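Welcome! Please take a moment with the sequence and the model before reading on.

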Amino acid sequence: PKANATRLAEAWVPGYEALPVEGTASIAYSTGVLVEFAMLESPRVGLEPLGPPAPGARPGELRSRIVAAVQSGETMRSSLSILLAADAEGRGALEWESVLSFVAEVFG
């Protein structure tokens with residue numbers, strides 16, 4: 001059976017209304033997760049699983065792409081889809097070894 005967290009996410013994500021992101025330094029979610037957008041302005045430290053920047057990519061292009069995906073709600077929808085596919089046992093969580101590939105697939 002699916003974990004309660006998975007069922008809750010499946011019910012919550014379709015009605016999710018993203019917070020405005022452009023011009024925002026960070027967003028703190030009720031779960032305690034803090035997303036600091038300024039980190040995306042620095043060199044891609046920690047983002048290696050996303051692959052190298054596209055040839056001719058402009059500075060800030062990665063940030064713009066991520067901000068647009070977060071603000072549109074697409075990140076929530078695609079993240080849930082990817083999580084459901086990766087969590088075949090329905091535990092509502094990923095093994096630590098799977099986290100980087102999950103992030104790379106969400107933002108790749």
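In this report, two residues are in contact when they have heavy atoms within 4.5 Å of each other. The model you are looking at is a predicted one.

## The overall layout

Let's begin with the whole chain. Four helices and two strands are found here, and along the sequence they come in the pattern α-β-β-α-α-α.

Contacts tell us how the sequence folds back on itself. Taking the contacts between residues at least 6 apart in sequence, 54% join residues that are at least 24 apart.

## Surface and interior

What share of the 108 residues counts as buried? The answer is 25%.

## The largest nonpolar core

Now for the inside. The largest nonpolar core has six residues: V21, I27, F37, I66, V67 and V70. Helix α2, which spans residues 61–72, gives the most to this core, with three residues. As background, nonpolar side chains tend to be buried together in soluble globular proteins.

## A closer look at S79

Why does S79 count as buried? Its relative accessible area is 15%, and buried means under 20%.

Which residues does S79 touch, once its neighbours within four places in sequence are left aside? S79 is then in contact with F102 and V106.

Technical notes:
Residues numbered from 1 in each chain as written. Predicted model: local features only at pLDDT ≥ 70, side-chain atom pairs only at ≥ 80, totals over all residues. Heavy atoms only, no water. Buried < 20%, exposed > 50% of the residue type's maximum accessible area, 1.4 Å probe, protein only. Core = buried A, V, L, I, M, F, W, Y, C linked by side-chain atoms within 4.5 Å.
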